[in-house]
Amino acid sequence: MSDLTVNVKHMFDTKQPDTKQPDTNPGTVIRTPAPVPVPASGPGLVPLERLEAQICELAGHIAAATCRFLVLLGDFDARRGWESWEMPSCAGWLSWKCQMSSGAAREHVRVARALRDLPVIRAEFAAARLSYAKVRALTRIATAATERGLAEMARPMTGNQLERFARAHRQVSRAGDAAARTWRRLSWRLDDDGSLSGTFRLPPLAGAVLLQALRAAAGDLEHPHDGAVPAQTSAPATSQTPEEPPASETSPSPAPQAPVKVTSSSAADALLVIAEAFLAGQIATAANPEVYQVIVHVGTGVLAGVSAETPPAGQEPGHPPAGRVPGHPADPARCHVEDGPAVSVATAHMLTCTAVLSWMRHDHDGTLLDIGRRSRKPTKALRRAARERDHCRCRYPGCESRRVDLHHIQHWVNGGRTCLENLLSLCRYHHMLVHDRGYLIAAAPGGDFTFYQADGTPISSSPPLPAPHGVIGDCHDADITPGTIIPPWYGEHLDLDYAIHAAFAHAEYQARQHERDQQMQAYREAHPEYTPPAPDPDAPEPEPRQPDLYGINIITAAQNLGKRYARSSS
């Protein structure tokens, strides 16, 4: 696939139903639309053509600079430079040091690792002929043997077309992959109203286990009482002769029970029943049952019938007291899941009927819990208060772990008290690090903490990015023009079936060619005296190779397989 115009020119449908083809007869004048006039108002207004060129040129610079950034990140990750900052992973360091979200940091590290083994895609990315969005999609499907062909196919595609192509490519690749059959995942998100939604994928056997559990739990929901007699319903009157026994004296055979029809709502309820049963079993036997409890924080105003929308006397609606935010421990109207979304007042009232209630007292600042020096181990109330203040996460800068311990800032053996001001949530790794390395922790009013290394160097919770020096063009060596980043696409529709077929056919051809080269290399090493015959300049031109029946069947099968999986993904 060295010639892009020959190999992928049929990937797009050139005839569009709403596109009017120009008349190419001699003497026909094709009129081009006039440029949009620039408004006269506003001195120094940049023309739209120049503004568009600046945007495209800057997009090219951003792509080339992003490639440089990912190359440096891959080298930093390979040399494990993040370990010097006591970070558990390179993504954690990137999220802390470069102000990225955890998901974006993990994706950048993934792409950076993949680019180390993909020199062709890396070169196209460095020259700004491929954007970061395209490189993200290509690194999910490209290998060292297929990257050249995929990079050529990606050039005329848009970002959305390449995402569709990558999804179809992965589906076809997984059809014969044994490892893909055991691949599993589960992702969730919180909607705007606090509801939980997500997707999951399980192997066939694990999926059958889950479906069987859901069906069984749904059946228990439909029949909560074994042996219950259904309610009597009125039946139409029937004629009965004196010789016939009454209908009530007959003993008909029991009718077979109809299978329970599992709906989407009943399956969701069944999943909740399974989760509640697991948590209930763990709470009954666990040494620390609070790990398996769902905690809801409810203010006294909610329990008394005052909602969050009802302000106290003397306070304007929509204006909380100074220094307080929604969900503040001292707010009597708060009602939310711990480290989670808000719940309704009706839900909180329902929980008071069956849930275990425990009280936590707060002052106007929300911090007042102390059990003194009589006990080193924090009580359950202190653990709940610390978990709420620290949002169930490790407080070490850059760490987002939820598996935490409570650490005494001033150690117990040195006279430290077991109070909320002297307790801090740390994961196991950073908890051991603080004790082994002698790190210092200073508590500030308002629940803030500052970490210091053993030599007194502070560790910033969110280090600022350095001020930029120079221009963005100094960050890379690419020759960028306004047309560098623009793909050669003119509105054609992507023929996904043909694109998938061409990609796999080219990969198969490259694999056969590589195998032939290896066989020839092995033959030359075994027969050093062998010399390939010189080509005869007078020999006739060989006829084009006609594929045999076996080759036609392979290509047809690959094309049908690609079409089937491509349609299922669209």
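A disulfide is counted here as a pair of cysteine sulfur atoms within 2.5 Å. The structure is a predicted model, and a search of the whole of this model finds zero disulfides.

**Cysteines**

The cysteine sulfur closest to that of C98 belongs to C90, and the separation of 9.1 Å is too far for a bond.

| Residue | Relative accessibility | Class |
|---|---|---|
| C98 | 23% | partly exposed |
| C419 | 3% | buried |

Burial is taken as under 20% relative accessible area; C98, at 23%, therefore counts as partly exposed, whereas C419, at 3%, is buried.

**Nonpolar cores**

The largest nonpolar core comprises 63 residues. Within this core, the residues with the most contacts are L70, L73, I121, F125, F165 and Y396. Leaving aside residues up to four places away in sequence, L73 touches C90, W93, L94, H108, V109 and A112.

Three strands, in the order 8-9-10, make up an open sheet with antiparallel pairing. Strand 8 (440–444) and strand 10 (458–459) lie at the edges with a single partner strand each, so one side of each has no neighbour in the sheet. Strand 9 (residues 448–452) pairs with strand 8 in the antiparallel sense over five bridges. In strand 9, T450 is the bridge partner of A442.

Conventions: Residues are numbered from 1 along each chain as its sequence is written. This is a predicted model: local features need pLDDT of at least 70, side-chain atom pairs count only at pLDDT 80 or more; totals for chains, interfaces and linings use all residues. Side-chain values use heavy atoms; hydrogens and water are left out. Two strands pair if DSSP finds at least two bridges between them. Helices (H or I, at least four residues) and strands (E, at least two) are DSSP runs, numbered from the N terminus. A nonpolar core is a set of buried Ala, Val, Leu, Ile, Met, Phe, Trp, Tyr and Cys residues joined through side-chain atoms within 4.5 Å. Buried means under 20% relative accessible area, exposed over 50%, partly exposed in between (1.4 Å probe, protein chains only). Contact means heavy atoms within 4.5 Å.
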